[in-house]
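Trainee: I would like to learn how to read a structure, one feature at a time. Please give me the general idea, then the case here.

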Amino acid sequence: MNRPVDYSLYLVTDRGLAKERSILEIVKKAISGGVTCVQLREKACSTREFIDQARALKAWLDQKEVPLIINDRVDVALAVGASGIHLGQSDMHIRDARCLLPEGSLIGISAESQEDALAAERDGADYIGISPVFATPTKTDTAPPLGLEGVRRMRKAIRIPLVGIGGIGLSNGAGVMTAGADGIAVVSAIVAADDPQKAARALKKAIEKNGT
């Protein structure tokens, strides 16, 4: 990625919340509503299906100049030429991912503590997904919520971009930005919405008006 990345409204996909709609359909509407970055997260499908879906998404997102980030799977990111990868604490180490990925690829790291966030910054992460900011039903194996005060503490300690995730929606997204995050990552607030475009537009308006 040679241009600056806008993490302000970061969509993380979840097929289980899609209500029989395709992820591509949801992403198209979300981008029209103002989403600025997309992470494709697939935990259950085959590798071939993951690649096919990622390739279709990338072809469309490239036209909109929106980056596609692949969750966990460096092989899938390589296969489709994605903009980058998002790794958890138990996934491939960032130094190994850097060896495999093309120069300029984005690497995001999930961090539930300030210690993990500082380590990711030292290791060369491009951004950090801090979580969970609030309690969330989409993941059950998470640490206690950071809350807005936790976001503030992270902001004071970390220089690279921070993206808050976990329980974030229209009612609290602006507050996360005000607390110091560079972006909010949302899952159900857009993917499960009856109208993803409308949901994304409302979130975008809220964080632009009150959170930045």
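Mentor: Gladly. Two strands pair if DSSP finds at least two bridges between them. Strands (E, at least two residues) and helices (H or I, at least four) are DSSP runs, numbered from the N terminus. This is a predicted model, where local features need pLDDT of at least 70 and side-chain atom pairs count only at pLDDT 80 or more, while totals for chains, interfaces and linings use all residues. Residues are numbered from 1 along each chain as its sequence is written, and side-chain values use heavy atoms, with hydrogens and water left out.

Trainee: Which residue in β8 does Leu9 stand opposite?

Mentor: Leu9 stands opposite Ile184. Strand β1 (residues 9–12) and strand β8 (residues 183–186) are parallel partners, with three bridges between them. β1 also pairs with β2 in the parallel sense, again over three bridges, and there Val12 faces Gln39.

Trainee: What do the strands form, and how many are there?

Mentor: Eight strands make a closed barrel, in the order β1-β2-β3-β4-β5-β6-β7-β8, with parallel pairing. On average, neighbouring strands of this sheet are turned by 25 degrees against each other, direction ignored. Then β6 and β7 (residues 162–165) run parallel, joined by three bridges, with Leu162 as the partner of Ile128. β7 and β8 pair in parallel as well, over three bridges, and Ile165 is opposite Ala185.

Trainee: Are the residues on the two sides of β1 buried or exposed?

Mentor: In a regular strand the side chains alternate between the two faces of the sheet. Buried means under 20% relative accessible area, exposed over 50% and partly exposed in between, using a 1.4 Å probe and protein chains only. In β1, Leu9 and Leu11 on one side and Tyr10 and Val12 on the other are all buried, and both faces are covered.

Trainee: How do α1 and α2 cross?

Mentor: Two packed helices are described by the angle between their axes and the distance between the axes. Axes are lines fitted to C-alpha atoms, for helices over the stretch in contact, and angles run from 0 to 180 degrees between N-to-C directions. The axes of α1 (residues 23–33) and α2 come within 10 Å and cross at roughly 20 degrees. α1 and α2 are therefore roughly parallel (under 35 degrees; over 145 is roughly antiparallel, 65 to 115 roughly perpendicular and the rest oblique).

Trainee: Which residues of α1 and α2 meet?

Mentor: With contact defined as heavy atoms within 4.5 Å, Ile23, Leu24, Val27, Lys28 and Ile31 of α1 meet Gln53, Ala56, Leu57, Trp60, Leu61 and Lys64 of α2. By class, this contact has eight nonpolar, one polar and two charged residues. Here Ala, Val, Leu, Ile, Met, Phe, Trp, Tyr, Cys and Pro count as nonpolar, Asp, Glu, Lys and Arg as charged, and the others, Gly among them, as polar.

Trainee: What does Gln53 touch?

Mentor: Gln53 sits in α2 (residues 47–64) and is buried at 17% relative accessible area. Not counting residues up to four places away in sequence, Gln53 touches Arg15, Ile23, Leu40 and Glu42. α2 itself lies across β2 (37–40) and β3, running at about 160 degrees to β3.

Trainee: Where is Val133 found?

Mentor: Val133 is in the loop between β6 (127–130) and α6 (147–157). Val133 counts as buried, with 0% relative accessibility. Beyond its neighbours within four places in sequence, its contacts include Pro145, Val151, Ile165 and Val176.

Trainee: What joins Ser131 and Pro132?

Mentor: Most residues other than glycine have a negative phi, and most peptide bonds are trans. Ser131 and Pro132 are joined by a cis peptide bond, with omega about -15 degrees, and Pro132 is in the loop between β6 and α6. As for phi, Lys19 is not a glycine, yet its phi is positive at about 55 degrees. Glu20, also not a glycine, has a positive phi of about 70 degrees. Glu20 lies in the loop between β1 and α1 and is exposed at 87% relative accessibility, while Lys19 is partly exposed at 47% relative accessible area.
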